[in-house]
Amino acid sequence: LSASSFVQFPTIVPSHASWFNPNAVHDIEKRALPEFFVPDNYDGHGRRLYKQTRNFIVQCYRMNPRRYLEASVVAQLVAGNPDAAVSIHTFLEHWGIINYHTKKQATTHQEPYLLSRSNHERPADVANHFPVLVERPFRA
């Protein structure tokens, strides 16, 4: 099965987030989350970790963009520092890259998210298989 066979709905990205590119790290990301891009980190480990985690979170959301992706779910799914994963989730949500036009469920029981741990080993391989629609700004 290919990653595109799991896609049920297109993803809508707001026009103000049209700068987002899963293959690159934008200056907006570097300014918002500088802890991943400190100058002392010459080996690029923080940058690679950021990009891998960011793309994984985006992939999780794009598998079912009609469902709100909780920060707590991301913290459980991402290997490594859960606080870093929540910071990235918050940033992506702020810009509308994830959870855009979705409503947070007010229930106490959440059904498991659409992704099992065995399916998320290589997020970058399937990042480009999701249909993405860019929302145009409203003009009067």
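Author: Helices (H or I, at least four residues) and strands (E, at least two) are DSSP runs that are numbered from the N terminus. This is a predicted model, in which local features need pLDDT of at least 70 and side-chain atom pairs count only at pLDDT 80 or more, while totals for chains, interfaces and linings use all residues. Residues are numbered from 1 along each chain as its sequence is written, and side-chain values use heavy atoms, with hydrogens and water left out.

The protein chain has four helices and two strands, and from the N terminus on these follow one another in the order β-α-α-α-α-β. Of its 140 residues, 42% are buried, where buried means under 20% relative accessible area, exposed means over 50% and partly exposed lies in between (1.4 Å probe, protein chains only).

The part to look at closely is the largest nonpolar core, which has 27 residues; such a core is a set of buried Ala, Val, Leu, Ile, Met, Phe, Trp, Tyr and Cys residues joined through side-chain atoms within 4.5 Å. The residues with the most contacts inside this core are Trp-19, Tyr-50, Phe-91, Leu-92 and Ile-97. Helix H2 (45–63), helix H3 (71–77) and helix H4 (82–95) each supply at least two of its residues. In soluble globular proteins, nonpolar side chains tend to be buried together.

Leaving aside its neighbours within four places in sequence, Phe-91 is in contact (heavy atoms within 4.5 Å) with Trp-19, Ile-28, Glu-29, Ala-32, Leu-33 and Tyr-50. For the protein chain as a whole, 79% of the contacts with a separation of 6 or more join residues 24 or more positions apart.

Phe-91 also belongs to one aromatic cluster together with Trp-19, Phe-20 and Trp-95. Six aromatic pairs turn up in a search of the whole structure, and one of them joins Trp-19 and Phe-20 edge-to-face, at 6.1 Å centre to centre and with 75° between the planes. Rings of Phe, Tyr and Trp (its six-membered ring) pair if their centres lie within 6.5 Å, with planes under 30 degrees apart counting as stacked, over 60 as edge-to-face and the rest as tilted. Both Trp-19 and Phe-20 are buried.

The side chains of Glu-29 and Arg-54 meet in a salt bridge at 2.8 Å, N to O, a term for a side-chain nitrogen of Lys or Arg within 4 Å of a carboxyl oxygen of Asp or Glu. Glu-29 lies in helix H1 and Arg-54 in helix H2, so this pair ties together parts that are 25 residues apart in sequence. Glu-29 is buried, with a relative accessible area of 0%, and Arg-54 likewise counts as buried at 0%.

The whole structure has two salt bridges, and Asp-27 and Lys-30 form one of them, at 3.9 Å, N to O. Asp-27 and Lys-30 are three residues apart in helix H1 (residues 27–32), so about one helical turn separates them. Asp-27 is partly exposed, with a relative accessible area of 44%, and Lys-30 is partly exposed as well, at 28%.
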